[in-house]
Number of protein chains: 2
Amino acid sequence: MAEIKSLLQANNLKNTGQRRKILKTLYNEDKPLSAKELFFKLKKDNPKLKLSTIYRNLNKFTEKDIVKKLNIKNEKHENLFEVKTDRHHHHLICVECGDIKELGCPLDDYLKKVAKENNYKIKDHRLTIYGICNKCK
Amino acid sequence: MAEIKSLLQANNLKNTGQRRKILKTLYNEDKPLSAKELFFKLKKDNPKLKLSTIYRNLNKFTEKDIVKKLNIKNEKHENLFEVKTDRHHHHLICVECGDIKELGCPLDDYLKKVAKENNYKIKDHRLTIYGICNKCK
DNA sequence: CTGCCTGCAAATAGTTTGCAAGTTA
DNA sequence: TAACTTGCAAACTATTTGCAGGCAG
């Protein structure tokens with residue numbers, strides 16, 4: 001909790017109840033969430049909460065690099081977000097049940113090769129693997 | 001042209017003018033296009049063309065595996081589509097000018113490892129690399 | 001007190017859909 | 001002719017925005 005407060009302070013963001021709850025929820029989840037999923041979770045405690053508040057904060061957090069907006073959508077076409085961790089990783093997603101696992105990144109050498117061969121300065125990359133998990137097989 | 005006709009026939013799709021033009025345009029482009037980009041290109045020859053027709057056909061083609069819907073959007077948040085080629089590949093995108101290059105896939109061994117370690121049956125994967133191209137550097 | 005946040009309502013924009021007329025096989 | 005396609009208009013839905021009151025610093 002204290003960590004969240006200082007995280008907000010460090011980024012010049014006011015320490016509001018909504019923000020604390022959004023970050024807390026994202027930290028406690030083991031999988032990325034969409035704005036709406038967050039919304040329904042938090043609405044229980046605060047019926048006045050608006051979806052636009054969630055979006056505004058997720059965007060602000062993304063801007064400040066506290067949260068990462070994935071290029072992965074759930075089955076409702078909603079974008080997913082996760083807290084940004086220190087370790088760079090990718091995702092393995094079960095197309096049946098939607099379960100998401102984290103994967104390490106195997107691409108360090110490959111990215112250097114791509115940069116060299118194409119004369120690009122690499123800025124970012126995304127890898128997502130889809131399959132069927134053990135339970136759903 | 002004849003190829004497009006038989007491609008449509010082989011998939012039980014009627015050989016209409018719109019379909020031929022959509023596929024022809026996608027084949028001739030060297031980069032993926034959005035529905036709207038296609039729409040504006042084709043609207044010149046046919047002012048009555050509707051965007052919904054493009055969407056309907058792109059979805060139908062995707063369903064039939066003639067076209068691939070990428071999980072990449074252009075700067076207007078429009079989904080991009082490309083014709084499905086025999087060779088599996090990924091994309092290297094310049095974040096400045098939007099240029100898209102094809103990349104081979106370096107992940108064969110890695111995917112086997114992921115499947116084994118996580119007990120998943122791998123179905124699909126997406127890799128996209130973002131950077132700045134030579135011209136934009 | 002002053003600027004940032006949030007609730008609220010309405011707009012924006014990509015994509016989809018129902019229906020009737022037109023086309024393909 | 002029967003089934004599929006398209007034009008057209010309208011709906012749907014994720015996300016964003018303007019505004020006014022509320023709260024953090």
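Chain A of this predicted model holds 5 helices and 6 strands. Here helices (H or I, at least four residues) and strands (E, at least two) are DSSP runs, numbered from the N terminus. Read from the N terminus on, the order of elements in chain A is α-α-β-α-α-β-β-β-β-α-β.

Before going further, a word on how to read the names and values. Residues are numbered from 1 along each chain as its sequence is written, and chains are lettered from A in the order in which they are written.

**Chain A as a whole**

The C-alpha trace of chain A spans about 50 × 40 × 25 Å along its principal axes. Chain A has 137 residues, and 42% of them count as buried. Buried means under 20% relative accessible area, exposed means over 50%, and partly exposed is in between (1.4 Å probe, protein chains only).

Contacts (heavy atoms within 4.5 Å) tell us about the fold too: among those in chain A between residues at least 6 apart in sequence, 44% join residues at least 24 apart.

What about charge? Chain A carries 31 positive and 18 negative side chains, and the centres of the two sets are 7 Å apart. Lys and Arg count as positive and Asp and Glu as negative, while His and the chain ends are not counted. Each charge is placed at NZ of Lys, CZ of Arg, CG of Asp or CD of Glu.

**A sheet built from both chains**

Strands of a sheet pair through backbone hydrogen bonds, either parallel or antiparallel. Two strands pair if DSSP finds at least two bridges between them.

In which order do the 6 strands of the open sheet with mixed pairing stand? They follow 5(A)-4(A)-6(A)-6(B)-4(B)-5(B). Strand 5 (100-103) of chain A and strand 5 (100-103) of chain B stand at the edges with a single partner strand each, so one side of each has no neighbour in the sheet. From one strand to the next, the twist averages 20°.

| Strand pair | Sense | Bridges |
|---|---|---|
| Strand 4 (residues 90-94) and strand 5 of chain A | antiparallel | 4 bridges |
| Strand 4 and strand 6 (residues 121-132) of chain A | parallel | 4 bridges |
| Strand 6 of chain A and strand 6 (residues 121-132) of chain B | antiparallel | 11 bridges |
| Strand 2 (residues 67-73) and strand 3 (residues 79-83) of chain A | antiparallel | 4 bridges |

Some residues let you find these pairings in the structure. A:Ile93 stands opposite A:Ile100 in strand 5 of chain A, and A:Cys94 stands opposite A:Gly131 in strand 6 of chain A.

**Hairpin and loops of chain A**

Strand 2 and strand 3 of chain A form a hairpin with 5 residues between them. In strand 3 of chain A, A:Glu82 is the bridge partner of A:Lys68. In the turn of the hairpin, A:His77 has a positive phi of about 65°.

Phi of A:Asn12 is near 60°, a positive value in a residue other than glycine. A:Asn12 is in the loop between helix 1 (2-10) and helix 2 (17-28) of chain A, and counts as exposed at 68% relative accessibility. A:Asn119 also has phi near 60°.

**A second sheet, in chain B**

Chain B has an open sheet of 3 strands in the order 1-3-2, with antiparallel pairing. Its edge strands are strand 1 (33-34) and strand 2 (67-73) of chain B, each pairing on one side only. Strand 2 and strand 3 (residues 79-83) of chain B pair in the antiparallel sense over 4 bridges, and B:Lys68 has B:Glu82 in strand 3 of chain B as bridge partner.

Helix 4 (residues 51-63) of chain B packs on this sheet and touches strand 2 and strand 3 of chain B. The direction of helix 4 makes about 110° with that of strand 2 of chain B; axes are lines fitted to C-alpha atoms, for helices over the stretch in contact, and angles run from 0 to 180 degrees between N-to-C directions.

Key: This is a predicted model: local features need pLDDT of at least 70, side-chain atom pairs count only at pLDDT 80 or more; totals for chains, interfaces and linings use all residues. Side-chain values use heavy atoms; hydrogens and water are left out.
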